[in-house]
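Let's take a walk through this model together, starting with its surface and then heading inside.

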Amino acid sequence: MSRKNKKAPWDEEEEIIWVSKSEMKRDMDALQKVGEELVELTPNALAKMPLDDEMMDAIKDAQRFNKEARRRQLQYIGKQMRFIDIEPIQAALDKLRNKHSQHTVALKKLELKRDKLIENGDSMINAILVDHPDADRQHLRQLVRQATKEKSQEKPGKAYREIFQYLKSLYLED
């Protein structure tokens, strides 16, 4: 008489990992949220994502749909996400979010540089000219003078904004 279980009793059994139904639902919701994030992207940003053609079509369809059709399409995208490798997509989304935050930080630094420029005047202009020798010293001095004059007279800061735009053109468009 032969045994139905072909394994010998002394062979090791594979370890079974039990996953609760709630955990599976949380994982599926997380995948659907990634899908929703992809649907919200602009076509330019979406082109940079590592997606196959079928997923790209599903996302473009979801962008066209409204209300209930969109909700069902998002569920479909979430379901399709279970069968693909999510790591590269998540990495690309993180990179995209970080790029936006890096840009925000750069703008904040420029605002601080503008404020120092108005406070310190010529010494800060010289520091800017060290970084960017092609910058127009006379134009910067004129803007700084106008900004301090506007500040003392409590007028709207037109020169204040112009200094920011000039610094932005120097530092962010290298």
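The largest pocket has a volume of about 160 Å³, a volume being the space filled by probe spheres set on grid points that are joined across faces, edges and corners. A pocket here is an open set of points on a 1 Å grid over the protein atoms alone, where a 1.4 Å probe fits, with protein on both sides within 12 Å along at least five of seven lines; lining residues have an atom within 4 Å of a point. This is a predicted model, so local features need pLDDT of at least 70 and side-chain atom pairs count only at pLDDT 80 or more, while totals for chains, interfaces and linings use all residues. Residues are numbered from 1 along each chain as its sequence is written, and side-chain values use heavy atoms, leaving out hydrogens and water.

Who lines that pocket? Ala 45, Lys 48, Met 49, Ala 92, Lys 95, Leu 96 and Lys 99 do. Helix α5 (residues 87–120) gives the most, with 4 residues; helices are DSSP runs of H or I, at least four residues, numbered from the N terminus.

Now for helix α6 (residues 122–131), where Met 124, Ile 125, Ile 128 and Leu 129 are buried, meaning under 20% relative accessible area with a 1.4 Å probe, protein chains only. Down the axis of α6, those buried residues fall within an arc of 145°, so they line one face of the helix; the arc is taken from the directions from the helix axis to the C-beta atoms.

Over in helix α4 (residues 67–81) you'll find Gln 73, which is buried too, at 13% relative accessible area.

How values were computed
Buried means under 20% relative accessible area, exposed over 50%, partly exposed in between (1.4 Å probe, protein chains only). Helices (H or I, at least four residues) and strands (E, at least two) are DSSP runs, numbered from the N terminus.
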